[in-house]
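This report goes through a protein model, from overall figures to single residues. Please keep the sequence and the structure at hand while reading.

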Amino acid sequence: MTSPQPPQPSQPPASRRTADAARGRGGGHGKGIALFVIASCQLMVVLDITIVNIALPHIQSALGFSTTNLSWVVNAYTLTFGGLLLLGGRTGDILGRRRVFIFGVLLFGLASLLGGLSQESWQLLAARSLQGVGGAIASPTALSLVTTTFDEGPERNRAFGVFAGVSAAGGAIGLLAGGILVEWLDWRWVFFVNVPIALMIAFLTPRHVRESARHPGHFDLAGAFTATLGMVALVYGFIRAAQEGWRDPYTIGSFVVAVVLLTSFVLIERRSRQPITPLHMFADRNRSGTYGIMLCLSASIFGMFFFLTLFVQDVLEFSPLRAGLAFLPVSVVIAILAGVTSRLLPRFGPKLFMVLGSICLAIGLSWLTRVEVDSTYLGSIFGPMLVLGSGMGMMFVSLTLTALSNVAPQEAGAASGLLNTTQQVGGSLGLSILVTVFGTVSRTEAEKQVPAFLQHAGVLAKTEFARTRMLPKPWSDEVLTSGVTAGFMVAAAFALVALTIALLVIRVRPSDLERLKGDGKRPG
């Protein structure tokens, strides 16, 4: 009778090895596909913030938006996205990140389909809000999946480098994609294009991304409610101020409501046993500093994309496609610098790249304040964009790694949600502030240009001006350029605040460098 052979523990069964690889636990091929899936989701969610910008004039004429209400095509997305990110990250922690990730992606795809099919303005705004909900569920969960799929150290550094590069370049890629789709197809395709991408991601995720452990807890709905409505009220206050002035009753009321709701949010989080935003995360000075820098960075770059899009289309008279191509250098430089930064981080630590990135950001935005009506793309815009792209590539990687460093597995979703929230809220608030500055300076410049216009204009032009109160070219170009340069000045000030935080708050400890080099342990 032959005795049974003992099992060989050194080699798992072939079926198990295949399954592990398919779920991103095995070799580099499986993890490479997993990273492609996760990064594709982040790109889809991030670029949707800007892909619509170039299509706005076509959307306005097709659905009958007023100029004032047109801004809500962008704000309906960014506000629901930024406001619900905290809840989205917490949902993944409790229910399992992979299943929540798939749900968020499919919801985003459905909302995109509804947006493309919209026949009325309210239908598009509802679809944009639903897109924001889907993005708020998918985006923080995607970032959390990076921490559970890739080992700490060089492997995770490279993954975060790709993720952060996609996040940073998504805005510029959105402008390029929007230009192509609007010029070659139709404005509706800026929404339809998301549908096949969402279906592809939902198909590949169960096959190449492993599920995370589910952590017990409950949903902090009171915290989510007060945080979301508080940020909506705050952003609306700035938008209202840009349109009606700071003394407008609705402007003042919006700020009062925002203060009450956000104060209530902090009190709720302090008393909750399982808060949507664990406030102890802010006890780490590096993490708190990172959130502050991300807030300033987003405020700067959202304004940069918004104002440059206006300038190249209205003053330089670029077509939608040419305007999109004008932003391509930013994407290329971001991708290159994000890759280089992720490889150098274990040697130099994140602080150096936060400082250098902030300096590049301040220089690029200050350079853009010199644009004039007779400026050219190569002479006044191309150079600053290369500098800005360099800063963004360095900063996004280092900020992402620092914000998620040394976070407990059960709080990875909350930490990533908070990082994404500071990015989106910073962008919305920053853009609102910059638009307020833009509007104030533009009105002042318009008052200066009206006498010159009336002196040189013909009868028909004067009649049209009396009807619309809008100056024609070349006087309108002077007004727009004046407001844009003022916006760039404030954006540069945000970059200087980020530099100050990086210099005074961020500290790199020996243990941080060791963690970046990696010990080969997988997070729980």
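Is Cys41 buried or exposed? Cys41 counts as buried because its relative accessibility is 0%; buried means under 20% relative accessible area, exposed over 50%, and partly exposed in between, with a 1.4 Å probe and protein chains only. Cys360 also counts as buried, at 18% relative accessibility. A disulfide is taken as a pair of cysteine sulfur atoms within 2.5 Å, and by this rule the count is zero.

**Basis and confidence**

This is a predicted model, in which local features need pLDDT of at least 70, side-chain atom pairs count only at pLDDT 80 or more, and totals for chains, interfaces and linings use all residues. Residues are numbered from 1 along each chain as its sequence is written, and side-chain values use heavy atoms, with hydrogens and water left out.

The pLDDT is the predictor's confidence in each residue, from 0 to 100. Its mean over the protein is 76, and 76% of the residues reach 70 or more. Confidence is lowest in helix H1 (residues 14–22), with a mean of 40, and highest in helix H16 (residues 350–368), with 91. Over residues 1–28 the pLDDT is below 50, and this stretch has 21 contacts in the model beyond near neighbours in sequence. Over residues 519–524 the pLDDT is also below 50, with 18 contacts beyond near neighbours in sequence. Contact means heavy atoms within 4.5 Å.

**Overall make-up**

The secondary structure consists of 22 helices and zero strands. Helices (H or I, at least four residues) and strands (E, at least two) are DSSP runs, numbered from the N terminus. Of the 524 residues in the protein, 56% are buried. Among contacts with a separation of 6 or more, 84% are between residues 24 or more positions apart. The accessible surface comes to about 22000 Å², and 65% of that belongs to carbon and sulfur atoms; accessible areas come from the Shrake-Rupley method with a 1.4 Å probe, and for residues only the protein chains shown count as cover.

Helix H12 covers residues 249–271, 23 residues in total, and reaches 33 Å from its first C-alpha to its last, close to the 33 Å expected at 1.5 Å a residue. The expected span is 1.5 Å times one less than the number of residues. At the start of H12, a side-chain oxygen of Asp248 reaches to within 3.1 Å of the backbone nitrogen of Tyr250.

The buried residues in H12 include Thr251, Ser254, Phe255, Ala258, Leu261, Phe265 and Glu269. An α-helix has 3.6 residues a turn, so residues three or four places apart point the same way. Ala258 counts as buried because its relative accessibility is 1%. Leaving aside neighbours within four places in sequence, Ala258 is in contact with Gly230, Ala233 and Leu234.

Thr226 lies in helix H11 (residues 221–244) and is buried at 7% relative accessibility. With neighbours within four places in sequence left aside, Thr226 is in contact with Leu261, Leu262, Ser264, Phe265 and Ile268.

**Other buried positions**

Ala138, in helix H7 (residues 121–149), is buried at 1% relative accessibility. Leaving aside neighbours within four places in sequence, Ala138 is in contact with Cys41, Phe101, Gly104 and Val105.

Leu63 is in helix H3 (residues 56–63) and counts as buried, at 10% relative accessibility. Beyond neighbours within four places in sequence, Leu63 is in contact with Ser118, Gln119, Glu120, Ser121, Leu124 and Trp187.

The table lists pairs of residues with their C-alpha distances.

| Pair | Separation in sequence | C-alpha distance |
|---|---|---|
| Leu63 and Leu124 | 61 residues | 8.8 Å |
| Ala138 and Gly88 | 50 residues | 7.3 Å |
| Ala258 and Val235 | 23 residues | 8.8 Å |
| Leu325 and Ala177 | 148 residues | 8.9 Å |

Leu325 lies in helix H14 and is partly exposed, with a relative accessible area of 44%. Glu317 is in the loop between helix H13 (285–315) and helix H14 (320–326). Glu317 counts as exposed because its relative accessibility is 54%. Although Glu317 is not a glycine, it has a positive phi of about 60°. Most residues other than glycine have a negative phi.

Notes: A polar contact is a pair of N or O atoms within 3.5 Å; within protein, one must be able to donate a hydrogen and the other to accept it, and residues adjacent in sequence count only if both atoms are side-chain atoms.
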